[in-house]
Amino acid sequence: MRILLVNPPIPETFWSFRHAIKFVSKRAVFPPLGLLTVASMLPASWTKRVVDMNTTALSDSDIVWADLVFVGAMSVQESSARSVIARAQRLHRTVVAGGPLFSARPDEFAHVDHLVLNEAEITLPSFLKDLASGVPQRICRTSDWADITTTPVPSWDLITMKHYSNMNVQYSRGCPFDCEFCDITVLFGRRPRTKSVEQLLKEFDALADRGWSDEVFLVDDNFIGNRTKLKNEILPAMIHWRRGRKQPFLLNTEASLDLADDRELMQMMVEAGFTTVFVGIESPHEESLAECRKAPNRKRNLLSSVRSLQTHGLQVQGGFILGFDSDPATIFHRMVEFIQESGIVTAMVGLLNAPVGTRLYRRLRDEGRLLTTMSGDNTDFSMNFVPKMNLDALVQGYRQVLESIYAPKQYYQRVRTFLRTYQPGPSGPMRLSRVHLQAFVKSIVILGIIGKERVEYWRLFFWSLFTHPKTFPMAITLSIYGFHYRKVLEHYGTL
Ligand code: SF4
């Protein structure tokens, strides 16, 4: 049996880092981890190929070669996934689709030959069993959560690793919290399920043995969901593993803000190689946090928590949301003020949307305010419900927030605020390789000579070189990120 696994293109978004990765001559940020894991679950005797359309073009001959075309997608890939499916079906190939896009809204994909939904550890074996007996079901789904201690190592040999700026690993699924707008708990549940130490190290070995020595993103929804296991088993093993490797990875992940309350956990994470965490801050307004039941952020000094993470060696990337019913008219100004003061350089501000299946979705539907399904890109100015605040005022305020925090002057000021607080851990803020040197030279030309931000660029350049030399490579990296963010905002007609 010949299997083609296709990852449809991801549109230009805040997180695509499309304009930043050109500086390091990469084609995409992340490989399609889900598809590579599914590939490992298929019978070893089958021939498999992966086409990630974010790095490589998909040709008709690729499709015609296959007996089955597997398509994996998230909501943000809806339009490109639909094109791939239509193309494969025009070429008379059987399509098997899975991933969050299809699991959340299977009824909208009635034309797809087979939908293997929810967690593939459960539904894929049942599909394969039926396929072997000649009667594959059209929809395989489950309401159970998979035991991820049986999940195999992804088939890294099916991609060209050098096309990507990061590799990714999943250690856990699920989150103990229950934020109203979040679909993580809908997709993966509230009891964090984790892989074993042996499994995790095997995944690290698989990457390192193939020569990977750069950034690795632990794609967990909330890495610190099970702290006891982290402190007693996982992090000590990761620290030990790291010491045995000459070129260990630089790690980043997602975690809830209560990480800042646990000094020991922060120290262990930094020792294990973590340099960055993405944290959902959501709002500086307490009533809005209460409204969405953002338990880990409530009744705390958000700024102090962010600073605590930064001083322990973790750069904080923050997610922010506008459009809560409780947001006052002053929210835009307060959000800009908070982001500038916090030194959160990568601040992803989006309009609130209600993913299918969430408590927010049900509430808005009951209140008659739901309009459509969300786009999956929470920074594209769309909302799928009627907000309490006047929509025009909300969108205009949102634009002003973005224009303000990503204007060169404010952006570079924020980088300096961050670098003043940040205390890099033992892994250092960044190692320099040939690719980084190439990015450095490009940054001088594109940002320092051609760019509109050149005055700010050189100011940061010399400031960090002479006053914070240890963080100089990070200053250059963040300058490049700023270039990407501005390009994305230009794409949306904001800057
Ligand atoms: S803390 Fe994050 S992952 Fe967990 S429920 Fe809230 S938004 Fe979702």
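Modeller: Axes are lines fitted to C-alpha atoms, for helices over the stretch in contact, and angles run from 0 to 180 degrees between N-to-C directions. Note that this is a predicted model.

Colleague: Start with α16 and α18. At roughly what angle do their axes cross?

Modeller: Helix α16 covers residues 408-421 and helix α18 covers residues 454-467. Their axes come within 10 Å of each other. The crossing angle is roughly 15°.

Colleague: Are α16 and α18 roughly parallel or roughly antiparallel?

Modeller: Angles under 35 degrees count as roughly parallel, over 145 as roughly antiparallel. The axes of α16 and α18 cross at roughly 15°. The two helices are therefore roughly parallel.

Colleague: Is the crossing of α16 and α18 left-handed or right-handed, and how many charged residues does the contact have?

Modeller: The crossing of these two helices is right-handed. From α16 come P408, K409, Y412, V415, R416 and L419, and they meet E456, R459, L460, W463 and S464 of α18. By class, this contact of α16 with α18 has six nonpolar residues and one polar residue, and its charged residues number four.

Colleague: Now α17 against α18. Is α17 oblique or roughly parallel to α18?

Modeller: Helix α17 spans residues 434-450. It packs on α18 at about 120°, with the axes 6 Å apart. Roughly perpendicular ends at 115 degrees and roughly antiparallel starts over 145. That angle therefore makes α17, relative to α18, oblique.

Colleague: Which residues of α18 make the contact with α17?

Modeller: On the α17 side the contact uses L447, G448 and I449. By class, the contact of α17 with α18 has four nonpolar, one polar and one charged residues. The α18 residues are R454, Y457 and W458.

Colleague: α18 also packs on α19. Are these two roughly parallel or roughly antiparallel?

Modeller: Their axes lie 9 Å apart, at an angle of about 165°. Over 145 degrees is the range that matters here. The pair α18 and α19 is therefore roughly antiparallel.

Colleague: How many charged residues does the contact of α18 with α19 have?

Modeller: The crossing of α18 and α19 is right-handed. Y457, L460, S464 and L465 of α18 make the contact with F472, A475 and S479 of α19. By class, this contact of α18 with α19 has five nonpolar and two polar residues, and the number of charged residues is none.

Colleague: F320 next. Is it buried or partly exposed?

Modeller: F320 is found in strand β13, residues 315-322. Beyond four places in sequence, its contacts are I281, E282, S283, M335, A347, M348 and V349. Buried requires 20 or more other C-beta atoms within 10 Å. F320 has 19, so it is partly exposed.

Colleague: Which positive phi value does F17 have, and is F17 buried or exposed?

Modeller: Most residues other than glycine have a negative phi. For F17, phi is near 50°. F17 lies in the loop between β1 (2-7) and α1 (18-21). With 24 C-beta neighbours inside 10 Å, it counts as buried.

Colleague: K299 has a positive phi too. Is K299 buried or exposed?

Modeller: K299 has a phi of about 50° although it is not a glycine. It lies in the loop between α11 (286-291) and α12 (302-311). Exposed takes 12 or fewer C-beta neighbours. K299 has 8 other C-beta atoms within 10 Å, so it is exposed.

Colleague: Last, G174. How far apart are the C-alpha atoms of G174 and W145?

Modeller: G174 sits in the loop between β8 (172-173) and α7 (184-188). It counts as buried, with 21 C-beta neighbours inside 10 Å. G174 and W145 are 29 residues apart along the chain, and their C-alpha atoms are separated by 9.7 Å.

Note on methods: Residues numbered from 1 in each chain as written. Predicted model: local features only at pLDDT ≥ 70, side-chain atom pairs only at ≥ 80, totals over all residues. Helix = DSSP H or I, 4+ residues; strand = E, 2+ residues; numbered from the N terminus. Parallel < 35°, antiparallel > 145°, perpendicular 65-115°, else oblique. Left-handed = near helix turned anticlockwise from the far one by under 90°. Contact = placed C-beta atoms within 7 Å. Nonpolar A, V, L, I, M, F, W, Y, C, P; charged D, E, K, R; others polar.
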